[in-house]
Structures are given as structure tokens and as C-alpha cells.
Amino acid sequence: MIVSVPFRSSLSLHSLFVDCFINFKKFAHIQKYPFLLCKFFISKRRICNANLFQLSPPFQSDSIVQSLVFAISSCTSVSYCSAIHARVIKSLNYSDGFIGDRMVLMYFKLGYDEDAQRLFDEMPDRDLVSWNSLMSGLSGRGHLGACLNAFCRMRAESGRQPNEVTLLSVVSTCAAMRALDEGKSIHGVVVKLGMSGKAKVVNSLINMYGKLGFLDAASQLFEEMPVRSLVSWNSMVVIHNHNGYAEKGMDLFNLMKRAGINPDQATMVALLRACTDTGLGRQAESIHAYIHRCGFNADIIIATALLNLYAKLGRLNASEDIFEEMRYRDRIAWTAMLAGYAVHACGREAIKLFDLMVKEGVEVDHVTFTHLLSACSHSGLVEEGKKYFEIMSKFYRVEPRLDHYSCMVDLLGRSGRLEDAYELIKSMPMEPSSGVWGALLGACRVYGNVELGKEVAEQLLSLDPSDHRNYIMLSNIYSAAALMKERRLTRNPGCSFIEHGNKIHRFVVGDQSHPRSDEIHTKLEELIRKIREAGCAPKTEFVLHDIDEEVKVDMINKHSEKLAIAFGLLVTGSGVPLIITKNLRICGDCHSTAKFASLLEKRTIIIRDSKRFHHFAEGLCSCRDYW
């Protein structure tokens, strides 16, 4: 805190200021200081009336420039930035301490792009650092055209050639804006300038080509590198994951280890994300063990990524174990655990975790409430969900967003309160999204409310007429098959995946391609017969085709998740849980089949559809038929 003292002289004031500046830098609460420092500079009584910048050495130059540089680099308000800017114009040169370049970057950071450009144009002596500051600011703001224009101006007007910093800014902008042609042109400049051996530049080009889907070009650059740094290897792992080649990313990691390169935090996070894509539980366990061997288990970011991975693989118990083992939990870790409970429909557990989170003093935000309300929705906790929705703004100062309204519409609709859900939509302060209307339409289908369903359907189709899922949901409200055909829409084929023998086995409806197809179908027929004998009748209303009832029964009996269940029962020992992933929502008939299968076969069956996990055990589902 700056203490008010009697105003005496410029010298005494400056001495006070310098002493204040030096001492503040020594303390841990230095982050609070820039605010005070900025206020100090714009105080009329202390600054304007004191000719602080006209003092003779040693008080004038270095200490004032250093102080101003520190203040400007930490500004959070454009008013403070402008006030210091005015002082610089009056008393210093833009080149002192590169303060002009720093102010250009600060204006960009605060979102005042025109002011940053104007300041740059006013600077009389612009060196390479100045041009780099401009391009870095434009890159950060995503202004591709202006960034490339500055790049060309620099070479044409000043005759300066770019350095590594210049090229990193321009290439990253091309990658972010998906500007392949422009990126190739910059690549050509890199080659002409003989900078193809600069590791940072090559890494940025690898990242650019990888993000834009050109893995061959990225791989060629990587292979041609004389020395591959850890960043180079990490980039290759990440871009292969990004383009759907997670297994190749894993192979690159193994090659990296053989090359004697030790992984870092970024490597491990990239690997864990690759495991999420491959869906291989054993692979996740292997990497988990490697994390322990390397001593990364105490890293909060890696631990959170591991927690999130296990939750997505259906192993919620493992996620809970990791969460309990964390010595320090930040908000992201708490939120990840809350998200795990939400997707597994563990509403009570999510509420307990939220209460503990608040008790521990962790700041909650809109993401926290999205997962909490989602958990309530998936678990049928109507009153609890309503309570948290009402108090989130009153007690936690979190204003409801679109996601929160979507969760509440879903919660009310699932519980049969269709009119309440409709009234909530009409009271929303923002325009409802297709997700909000879709949640209500799904509830109208479940409860057979034709009149409201048609009204909601009109709203939904006007927002998103190309989404096939909207027509599927309309199938039990009015005939949507003809409308889909008329608009030439096709439904994505349903696929189910199950892990066995370090491999993911994929099934589609009626699949005959598996090497053990005959055994699988025989096992499935046996299972269906048991289920029918136990009293589970086929639910053919979920077949969106105008065909005979017998054909409908045959079709639903061969749905992909049923084939995956049969395969799992065939190849795993008794008592081993079956974990299946499906790309679409599970249909009502498959949901009933999984319940009966869990009872008759005495197995836990976990199915993750496009929305959430269903845990089937002893003839019951964790969703309580509330999905």
C-alpha cells in the first residue's frame, strides 16, 4: 500500500517512488503492485505537479524507464496504459527500454488494435523488434491479412529480413486461421533465407501443416531435421492425435524413448489424449504405470488428464482413486471429477463433491454448474437441479448461460414436466439453441405429447434443418422418414466398439465381417432367446422404416451394441465387466436388452453412448430408465 505523505519536492517524491518500486519487487504479492504503480503514475498531485521526468542523473533515466516498463507490461486497463503513454510522449523516447514496442503489445493485449497500429505508425525509429511486436500483436488477435501485410511492409520499406521471432508469429497465424496457401508462401521464404535449420521455425511449420491435415508435409520436415528436440517429438505426437492417428502418435512416442529423449508434461498429456481416442484401457494402464516410474504422478495437469481419461473409458473408480491421491487439487481437477460424475449419472456423488468443493474454498464458475446440473439431469434429481439453478446467481454470482438452460430443460423434460420446460425456454434471456429445443423434443417423444412435439419440431428444424437426428426424434411424432428422403439426408451408421486383446473391435448393425462372426451371431441368438423367455418383448417402434414387423424384429436384434455384448460375453471370463462405446444414442430396445443381459449373464455391462454412460447390473441401469 502506498502511504500518503506531505508533498515536498520532485526529488523526495522520486526517491519515495524508486524505494517503493524496489521494495515491492521483493515481495510475493508483487502481482498486486502494477495496479498501484499505474495509479501512482497518473496521480495529478504526485506526478503532474512534480517534474519527475526532468530530474538530473542518476534519478532520471534508468530507474524511471525500468519502472514504466514494469508498469506498462502489467496494465489491466486501457486508461492506465493511455496515461503512461502520455507520460512517455512528454518525457521519454519510444526507444528507451523498448517501451514503445511494449505499449504496442499492451494495446493489442487489451483489445485496442487501432490504437496499437496508430502508435506503431507514429514511432520514428522502428527496428526489427518494433516490427516483431506489431506482428506478434496482430497474430495474437488473429488478424492474418494485417500480419502478412506488416511482414511484406517490413521487407519492402525498411529492407529488414525476418528473424525467428518474426516467422513464428506469421506461421502461427497461418495455422490458427487455416491459411494453407499463405503458410506455404512463408515456408518458401524460410527456405530462401536459409532458415530451414532453425529448430523453432521448423517446429512451427510442422505444427501448421499438422493442424491443417497435411501430415506428409509435416513428417517430411520432421525427418529432415538434423536434430530433433523434445518439442519436435511432442508436435508430431499431437498432430497425429489431432488428425485421428492416435496409434501412430503412440508409435512416435516409443521411437522418441528409443532416441533417448525424456518426455515432459506436454508429452504425457498428449499421450493420455491419444489413449482417449484409441479407447484402449490396457494402454491407459501402461501409460499410468510409466507416469509413476517417471515421477510425473504429482503433476496436477497430468493427474487431471489421467483422471479425465479413466472417466471417459468407463473406469470411474480409477478416476476417484486418482482424485483422492492428489496432494493439491486446483479448480480444473475438481471440475474434471465433477464432469466424470455427470457423464456417469452419479448425481448424488456430484452434489457431495460440489459441497466439498465449496467447503474447501475452491471458486466455482459456469463450467462447474454446467456439470452439476448435467449430473442432476442424468440422475433425475429434479428438485436438487432446480435449487442449484436458482441459487447459482444469487449466492455464487454465476449468471445462467445457454448450457445451464439446456440442462434445466432436459431435467424438466425427462421428468415429464413438459409445460414447465417450455415455459422456461420462453423465459430465456437469450435465443434458444437447437440443443435446448432438441432436449424438449426428446421429452415429447418419450411422453407422447404430439401437439407440443410438433410445435417444438418446427422451431428445431428452422434452426438446424440438416441434422438427421432431429428427424429421428420426430419419428414417433409424425412420419419423418419421407421428409428425410425428400431432403436427401442420411443417418450416420451406428457403430459399437469393445476392447479385447489390445485391440478395439468394431461392429455395425448386422455385421458379418468379424473373423468370429458365426460364433458371435450364435451367441447373440442364444442371448436373445433367453431374454425373450424372461419376458422382454422387442421394442420395434425404434425402427424408422415402413417394413413388416418381423423384419423390424430381425433388424433390432442385430444392432451393433447387441453384437458387441455377444462378443464380450464370448471372449471374456465370467465376472469381467464389459465396456462398450457407441457413436449414437442407445435405443430403447438395446437398453432393455442390456438390462436383461446383465441379470441373466450375471455381468456388469457399461455402455457409453453419444450422451452419457449407462451402467447395467443385476437387471437395472444407473440411469433408472431416465435417459
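In the predicted model, the contact between helices α16 and α18 is formed by Q265, M268, V269, L272, C275 and T276 on the α16 side and by I301, I302, A305, L306, L309 and K312 on the α18 side. Classified by residue type, this contact comprises nine nonpolar, two polar and one charged residues. The axes of α16, which spans residues 265-278, and α18, which spans residues 300-312, come within 9 Å and cross at roughly 5°. Because angles under 35 degrees count as roughly parallel, the two helices α16 and α18 are therefore assigned a roughly parallel arrangement.

At the level of the whole chain, the secondary structure amounts to 33 helices and six strands. Of the 627 residues, 48% count as buried, and the accessible surface comes to about 31,100 Å², with 51% of that area belonging to carbon and sulfur atoms. Among the contacts with a sequence separation of 6 or more, 62% are accounted for by residues 24 or more positions apart.

Side chains of opposite charge can pair when their charged atoms come close. In the chain, the count of salt bridges comes to 20. One of these joins E285 and R315, with an N to O distance of 2.4 Å. Since E285 lies in helix α17 (residues 281-294) whereas R315 lies in the loop between α18 and α19 (316-325), this pair ties together parts that are 30 residues apart in sequence. Both partners count as partly exposed, E285 at 39% relative accessibility and R315 at 25%.

A further salt bridge is formed between D609 and R585, whose closest N and O atoms are 3.3 Å apart. Here D609 is located in the loop between β4 (605-608) and β5 (613-617), and R585 in the loop between β3 (578-582) and α33 (588-600), so that the pair connects parts separated by 24 residues in sequence. With a relative accessible area of 2%, D609 is buried, whereas R585, at 30%, is partly exposed.

Within helix α9 (residues 144-158), E157 and R153 are four residues apart and are thus separated by about one helical turn. The two residues form a salt bridge in which the closest N and O atoms are 3.1 Å apart. E157 has a relative accessible area of 52% and is therefore classed as exposed. This pair also belongs to a network of salt bridges in which D121, R126, R153 and E157 are linked.

Note on methods. Residues numbered from 1 in each chain as written. Predicted model: local features only at pLDDT ≥ 70, side-chain atom pairs only at ≥ 80, totals over all residues. Heavy atoms only, no water. Axes fitted to C-alpha atoms, helices over the stretch in contact; angles between N-to-C directions. Parallel < 35°, antiparallel > 145°, perpendicular 65-115°, else oblique. Contact = heavy atoms within 4.5 Å. Nonpolar A, V, L, I, M, F, W, Y, C, P; charged D, E, K, R; others polar. Buried < 20%, exposed > 50% of the residue type's maximum accessible area, 1.4 Å probe, protein only. Areas by Shrake-Rupley, 256 points an atom, 1.4 Å probe, with all protein chains shown as cover. Salt bridge = Lys/Arg side-chain N within 4 Å of Asp/Glu carboxyl O.
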